[in-house]
Each structure stands twice: as C-alpha cells, then as structure tokens.
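Colleague: Could you walk me through this one while I have it open? I'd like to start with how the chains meet.

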Amino acid sequence: MSEVEDTAFEPLLTDEEAKKVLHGPLPPGDHYLFGSDACMEGAIFAGCRYYAGYPITPASEIMEKAAQRMPQVGGRFIQMEDEISSACSLIGASWAGVKAMTATSGPGFSLMMEAVSFGVMSETPFLIVNVQRPGPGQGYITSSQEDVMQARWGHHGGGSIIALAPSSVQEMFDFTIQAYNYAEEWRVPVILLADETVAHMREKLTVPPWDKVKVVNRIKPQTLGIVPEKFLPYEPYEGKVPPMPAWGDGYRVNVVGLVHHPDGNVTKYSPEMHMNCVSRIYRKIEDHADEIAQVEGFFLEGCKNLVVAYGTTSRSAFEAVQELRDKGRTDVGFLRLKTLWPFPDGKIRSMVKGVQNIFFPEMNLGYMIHPLRESLRDRAEQFISIPYLGALHSPDLIIDKIREVIG
Amino acid sequence: MKRYEIRIAGFGGQGVVTVGKIVGAAAALYDKKNAVQTQSYGPESRGGACKSEVVLSDGEIHYPKVRTADVLVALSQPALDIYLKDLKAGGLLIIDPLTVIKEVPRTDVKVVKVPTAEIAMKVGNRRFQNMVALGSLASLTGVISPEAFKKAIQEAVPPKTLKQNLEAFEKGMDYVRS
Amino acid sequence: MKHPMLEYLKESGAYGDRFPTIFCPGCGVGQALNYALNAVDRIVKKDGVPRDNFCFISGIGCSARVTSQYLGFDAIWSMHGRAPAVATGALLARPELRAIVVTGDGDAAAIGGNHFIHVCRRNLDMTILCMNNNLYGMTGGQSSPTTLRGVPSTTSPYGNVENTFDLCEMAVTAGANYVARWTTAHPQQCIQALEKGIRKKGLSFIEIMVQCPTHWKEEPAKMMKKFKSQGVRFSPEKKGETLKKDQFWVGEFMDRDRPEWLETYQKIIDRFKE
C-alpha cells in the first residue's frame with residue numbers, strides 16, 4: 001500500500017452559512033416538514049446527540065437529516081458499515097451518557113435484533129426507528145406495517161420492549177420525544193414503528209413552547225447520592241429501574257449481556273438468579289403496560305361495531321368511521337393504538353365492554369389482531385381482519401368490508 | 001373548506017413533486033390551512049405517471065391522500081390515462097396539450113388546456129413548466145392566495161432561479177385569466 | 001506481596017469470589033491483561049490521564065472474559081465481533097474516553113471482520129488489543145481465520161483447508177496509525193507497544209500471540225518458549241522475506257500520523273459553534 005499524503009480537511013461551509021443554521025431544536029411555532037425530518041427534529045428536541053446509520057429505502061432521509069443537523073447541535077453523526085454496527089454503536093453511546101438513535105427498514109431491522117436483545121438484557125436506552133416497508137426479503141419500497149410483531153418478538157430471548165406507531169408528521173415529532181422519554185424512564189430500547197407513507201408525507205408541525213414539552217432523562221446514581229462503592233448496577237431503585245451512570249463518571253460499571261445478580265455477578269449461576277433476572281426485566285415493562293400504553297377511543301358509547309387501527313392506517317380508518325357515521329351508522333366506533341407494545345390488556349378491556357364486531361385494518365396480513373383477540377376474546381362476537389399490502393388502505397376499502405358484514 | 005383534493009401528475013423530471021410541496025407549504029404556513037402532501041413511489045411513477053397529491057382543509061385531515069380529486073393537473077399522456085378516473089364529476093382538469101394529445105374521454109369535467117411547456121420556454125427553460133401549471137392551478141381554483149404561493153415558491157426554489165420561477169407562475173396565472 | 005496490577009481489578013466485596021479467574025491454568029489471556037493494565041498504569045501515572053476515563057470493551061471469547069467483572073474500570077462484555085462498533089458509539093458520545101477494545105482472532109477476523117476493517121479505515125482514536133490463540137477457545141477449539149493451513153481442529157478434523165489472515169497486515173492496509181505484534185513471551189515489548197498505542201492518536205492495533213494450552217495440548221511454558229523462536233523481528237528492509245511455516249513477524253509494522261476521525265469531525269462542530 002502506498003503512503004499517500006492525507007490532505008487537510010476543511011468543512012465545506014462558508015461562515016455565513018454556518019451562522020444561518022439552527023443551533024438547537026426547532027423553535028416554537030408552525031413548520032411544514034417532511035415526516036422523516038420531523039422525526040429527526042423530535043429526536044434533537046429530546047436531546048439525541050448521536051446518530052449512527054446505514055442507507056436503506058425508505059429510511060435514508062432520516063439519516064441524511066441527522067448528518068446535516070448533528071454537528072449543528074453539537075452532536076456527532078456517523079454512517080456505519082452496516083446496520084449491525086449501527087445498532088451496536090448505540091449501546092456504546094448510551095453508556096457513554098448520550099441519547100442515541102438509528103433509523104432503518106425491514107432488512108436492516110432484522111440485522112439489529114442482536115443489539116436489541118443486548119439492550120433489553122443490559123437495560124440500555126436507545127431508539128430505533130423502523131420506517132416499515134413490505135417484506136419478506138427485499139419486499140418492496142412502499143408502505144407497510146409488517147414488522148409490528150418483529151418489534152416485540154424479533155430479539156432472541158425474553159424481556160420486553162416499548163413500541164409506538166405514529167400516524168402524522170406531528171406525531172413523528174411528538175412520538176419520537178415520547179419514545180426517548182420511555183427509553184430513559186424504563187431503561188429499555190424503544191422502537192418507533194413508522195411506515196413509508198408517514199415518513200414521506202409533508203404536513204404542518206406545531207412545536208409548542210419548549211417549557212411545555214416534557215423531556216425525561218435517566219436517573220443517575222450520583223443524583224441519588226449513591227457512591228460508587230455502594231452502587232449495585234442492577235438493583236432497581238424504588239422498585240422501578242436501576243439508576244444508570246455514564247462511563248467516565250467513576251462508577252466502574254461492568255455492563256453485561258448474561259443473566260446476572262443485582263451486583264452484576266455473572267459467575268455465580270443459579271436457576272433462581274436466572275428467573276429473577278429475566279422476569280424482572282420482563283415485568284419492568286409488562287407489569288406497567290396499562291401505565292405505559294397510550295390508546296384513544298372515539299364514539300365508544302353505544303358502539304356495536306368497533307374499528308381498531310394504529311399508525312398511518314388510523315387515518316384511513318377514522319375517515320371510514322366518520323363517513324359511516326355521517327351516513328347514519330352511529331353504532332360504529334373507533335379505537336386507536338398509539339403504542340403497540342407493551343400490549344395493554346387491562347386498559348383495552350376497560351374501554352371496550354362489549355361489541356358485536358371488531359374490524360381491524362392493518363398493512364399486513366393481520367398481526368396485531370391476535371393480541372387484540374386475546375384481550376377482548378369475551379367482548380366481541382367477531383374479529384374481522386382487513387389486510388392490505390404495499391399501500392395505505394383507502395377509506396372505501398374499509399367501508400366496503402364493514403358493509404359486507406353489517407349491511 | 002372540508003376537504004379539497006389536488007393531484008398533479010406527469011413524467012419524472014417535470015417537477016410534479018415540487019408543485020405539490022409548494023401547494024402544501026403555501027396552504028399550511030402562509031394561508032393557515034391544514035395540508036397533507038404525499039407522492040408516489042409505486043410502479044406508475046416509472047411509466048410516466050409520477051404523482052404528487054395535496055389534501056387541503058380548514059379542519060383536521062384524516063385520510064391523507066386523494067379519494068376523488070377536485071383538481072387533476074396532467075402533464076403527460078400516461079398521467080391522464082391513469083388518473084382521469086379519480087377526478088370527480090364537475091372537477092377541474094388542467095392539461096398541457098403538447099404532451100396530452102389524445103381527446104379527453106370524459107365530458108363531465110371542466111377541461112382547461114395550458115401550454116405549460118411552451119410558456120416555460122418563453123421564460124427561459126422548459127423546466128419551469130411546473131410553475132406555469134401551478135399559476136394556472138392557483139388562478140382557476142382560488143383555494144390559496146397568490147401571495148401565499150409566492151412566499152412558498154421563494155422558500156422552495158434556489159435564489160438564482162427565483163425570478164424565473166415567479167415569472168413562470170405569473171404567466172400561468174395570466175394565461176387562464178385571458 | 002500483592003501484585004501491583006491488582007489495584008486495577010475488582011478484588012474485594014461482591015466481586016471477591018471471582019478470583020482465581022475462570023481462565024485455564026497457563027492461559028495467555030491473563031498475561032495479556034496484565035500487560036494491558038501495566039500500560040494503562042503508565043499512562044495514568046506519566047500522562048495524568050484520569051483512570052476513570054478508561055473503558056474496556058470486549059466481544060465474545062476467552063479474550064472477552066477480561067471484562068466480566070474483573071476490571072476496576074467502566075467496561076462492557078458486549079456482542080461477538082461488535083466491540084469496535086460499541087467503542088465507536090462511546091467515543092463519539094464522549095471523546096475524552098480512552099477505549100480499549102479487547103478481542104480475539106475469531107472475534108476480530110471472522111464475525112467482527114467488517115467492523116475491524118472500518119475502524120482501522122476511519123482511524124478512530126481507540127486501541128484494539130487482539131489476543132490471538134489461533135482458534136476459538138471458549139467454544140471448544142474450532143478453527144479460526146488465523147488457524148494455519150493443514151492444522152486439525154474440531155471443525156477441521158482432517159486438517160484445515162483454508163488460508164489465514166495476517167491481522168496486522170489487514171490493519172495496516174485498512175489504515176490504522178499504529179500496528180504491532182508481540183507474544184506473551186515478550187512482556188516488556190507488549191507493555192511498551194500497548195503504552196505507545198494507547199498514547200498515540202488514531203487506531204492502534206496490538207496483536208499479542210497467546211498460548212492456549214488446553215486446546216493445543218501443549219505445556220504453556222513450552223508454548224511461550226516456542227513463541228520466542230517463532231516470532232521473527234520485523235524491520236521494513238525485511239519486508240517480502242518468506243518465513244518458515246509456523247513463524248510469524250513480531251515488532252512494529254506501522255507507526256504513522258494520519259488524521260484521526262474525531263479530530264477531523266471536530267472541525268465541523270467547531271465551525272457551527274456560536
């Protein structure tokens with residue numbers, strides 16, 4: 001290999017251009033943004049200062065926005081050699097104390113599963129945005145909701161994650177902030193299940209006054225007055241989650257992916273330790289499903305025919321519900337899942353006391369209908385999936401299917 | 001306004017997506033309406049029917065795409081062939097007679113022929129034809145103020161072509177007024 | 001007398017039961033760890049770098065076990081082959097951290113090959129300590145990308161049909177600033193190379209040949225003695241010389257000052273600072 005003189009690097013930027021940029025999050029007020037951009041701006045607002053990613057359609061725009069914005073806000077961006085290293089690097093960044101993120105689609109999401117699994121066991125907060133596209137395999141490059149189960153079950157082993165499904169540009173911003181808040185509060189990887197439609201849509205984004213937006217940061221042991229000698233890295237604080245120091249803070253934490261005792265010991269194995277360790281990280285999320293999950297209901301009073309939806313499909317579904325109601329079917333109601341995981345059995349049962357039919361349009365062959373059916377097994381006579389692949393359901397598609405059943 | 005649906009379609013490179021972006025921005029930022037803009041990546045876009053859609057409303061917009069369009073701007077024959085069926089009865093159809101040469105097979109829509117490519121050439125480059133189409137759209141529909149459009153154009157195009165883009169827009173407006 | 005490096009290990013309290021370590025009797029990993037701790041100790045004392053700025057990042061394998069609760073440093077026992085990626089995230093988040101990636105021949109050259117190549121290409125400011133025992137030890141003795149041709153292993157029972165990587169050559173070609181190889185039989189050189197590597201800006205790759213008496217079924221002292229004759233001192237003039245079959249070059253293969261990733265990126269951040 002010949003030794004070539006490396007030329008000096010100078011940023012391609014004039015001083016005027018450098019002054020004109022936004023040095024922080026978006027200012028309060030109305031903006032008109034691409035969904036992908038709104039997602040990145042939400043992350044910046046929440047304090048994300050590390051982005052690592054790999055190009056993949058339809059998520060590359062989020063990465064490109066990160067490349068542009070990270071240095072502007074004092075963060076760092078890197079395009080890694082693949083999705084595996086992108087996701088693994090989030091673990092290092094998070095342990096170094098920084099909110100970290102990547103965005104990808106199906107094929108990349110599959111590659112990230114080992115890192116998600118490690119994140120679950122080590123209780124490392126980070127964000128993965130999956131701009132879903134159809135699969136399996138290379139599938140296609142349009143819209144989909146086919147990875148909703150993979151988000152929950154794709155990582156090997158037990159434990160649990162939190163996932164949200166945005167349906168608008170505003171929610172690409174709001175839900176990203178919410179995702180980080182969940183990650184920091186519950187010390188868990190969080191997945192934002194977007195889709196190609198919402199990522200590539202342009203819509204108004206209203207940023208509230210900054211002091212009105214809640215941003216959560218992980219609790220550190222030093223804030224609680226716990227000294228390094230007394231710190232047990234995997235002992236929950238007040239029964240919730242262990243405090244999380246950053247590397248360099250002096251706590252000398254040895255992060256592990258093996259089953260472990262609260263003090264971090266991995267060599268003294270026992271079935272009891274194993275059960276305690278894994279069930280604690282599982283129950284950390286699942287026992288708080290009703291508290292974590294966000295579900296909204298419309299027209300549930302007197303509802304006989306319930307339409308359930310999540311993500312961008314909610315917009316088609318709500319349009320369909322409104323049209324049916326406008327035409328006299330006032331027994332049609334709507335339930336929207338804003339978070340998909342953990343699945344809140346209790347909350348949903350408290351909202352849906354008894355209906356005849358439940359219609360569930362999904363941009364997949366019927367996935368979330370399974371936990372829904374389990375949850376409301378004794379509360380509805382029929383569960384009808386309305387699948388559609390590759391694009392948003394048109395309201396007519398949903399209306400026609402409903403009419404087929406209810407007339 | 002409950003829902004006003006606009007679809008712009010043509011060959012890739014005719015600036016169809018830019019027009020959609022500008023309509024959305026003009027409505028959302030400068031005219032205080034709600035606007036959702038989407039574009040297609042699907043197979044039709046490869047064959048000359050690349051489309052951009054905008055749904056406008058004074059209220060909340062649920063379904064973000066066109067159900068039946070109030071306006072269709074077709075800058076290519078394939079665009080017309082594929083999307084004419086989604087134009088509502090009584091809707092507005094704007095076509096460029098240079099590329100849309102076949103007889104329009106519907107009698108229940110209002111057809112306006114605007115030689116966008118020809119007018120754009122007068123401004124300096126065929127590339128400005130999308131702005132001509134936008135001007136005609138603005139004038140014929142009246143759903144968004146010209147001032148809002150002009151502000152949105154300013155944000156969307158590079159400074160060195162701003163003058164020509166605005167000129168093309170004005171010419172498009174003028175053409176349909178005459 | 002207490003071994004001086006014990007200061008850097010977690011000896012007492014909850015971790016006290018982890019000694020003696022899990023490493024096999026005569027394993028070279030413990031020695032390599034000792035050399036690394038000596039190097040860190042020198043940097044802490046000579047350069048005044050705070051001890052808590054160091055973090056050890058490992059993947060999977062015998063080499064990776066050094067981080068499993070032995071180290072009195074921030075550390076992570078991460079995923080197979082992915083330690084350079086984890087280190088990348090940590091450094092970009094907190095550049096003052098001194099990341100020491102601890103890896104093995106399988107971890108770095110097989111599953112971690114891609115990440116290894118790219119951190120070298122990027123010339124990120126970290127030190128990679130590769131403990132090469134020429135096989136996969138933890139999982140039972142399978143052949144690795146550095147197992148010599150013809151040699152039997154559990155996955156090459158009839159002899160290894162494959163060729164090997166020279167990890168140092170790969171690091172040099174990919175762009176690392178500092179590349180060296182020694183063996184457990186060269187303690188002073190190992191410590192010096194590690195000290196130099198940690199101190200030096202850019203990617204430092206230090207390969208230490210370590211004995212695995214368990215799988216190679218040889219006495220550790222004999223193996224170390226063999227290292228002394230197998231290891232031929234490298235110098236640039238000798239490049240191109242052919243070595244005997246089980247010999248390998250030892251010494252420094254590269255020492256240059258190509259620009260490092262973080263300092264290059266910093267120019268962009270600085271431009272935006274108000």
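Colleague: Which way do strand β8 of chain A and β2(B) run, and how many bridges join them?

Modeller: Bear in mind that this is a predicted model. In it, strand β8 of chain A, residues 202-207, runs antiparallel to β2(B), and two bridges join the pair.

Colleague: And which residue of β2(B) does A:Arg202 stand opposite?

Modeller: That is B:Gln37, which lies in β2(B) and faces A:Arg202 across the pairing.

Colleague: Zooming out, how many residues of chain B are in contact with chain A?

Modeller: On the chain B side there are 18 residues, and they are in contact with 17 residues of chain A. The elements of chain B that give two or more residues to that side are α1 (16-30) and β2 (34-39), and β2(B) gives the most, with six residues.

Colleague: What sort of residues make up that side of chain B?

Modeller: By class, the side of chain B that touches chain A has eight nonpolar, seven polar and three charged residues.

Colleague: Switching to chain C, at what angle do the axes of α4 and α5 cross?

Modeller: The axes of helix α4 (residues 113-122) and helix α5 (residues 167-174) of chain C come within 7 Å of each other and cross at roughly 45°, so α4(C) and α5(C) count as oblique to each other.

Colleague: Which residues make that contact?

Modeller: From α4(C) they are C:Ile117, C:Cys120 and C:Arg121, and from α5(C) they are C:Met170, C:Ala171 and C:Ala174. Sorted by class, this contact has five nonpolar residues, one charged residue and no polar ones.

Methods. Residues are numbered from 1 along each chain as its sequence is written. Chains are lettered from A and ligands numbered from 1 in the order in which they are written. This is a predicted model: local features need pLDDT of at least 70, side-chain atom pairs count only at pLDDT 80 or more; totals for chains, interfaces and linings use all residues. Axes are lines fitted to C-alpha atoms, for helices over the stretch in contact, and angles run from 0 to 180 degrees between N-to-C directions. Helices (H or I, at least four residues) and strands (E, at least two) are DSSP runs, numbered from the N terminus. Angles under 35 degrees count as roughly parallel, over 145 as roughly antiparallel, 65 to 115 as roughly perpendicular and the rest as oblique. Two residues are in contact if their C-beta atoms, placed from the backbone, lie within 7 Å. Ala, Val, Leu, Ile, Met, Phe, Trp, Tyr, Cys and Pro count as nonpolar, Asp, Glu, Lys and Arg as charged, and the others, Gly among them, as polar. Two strands pair if DSSP finds at least two bridges between them.
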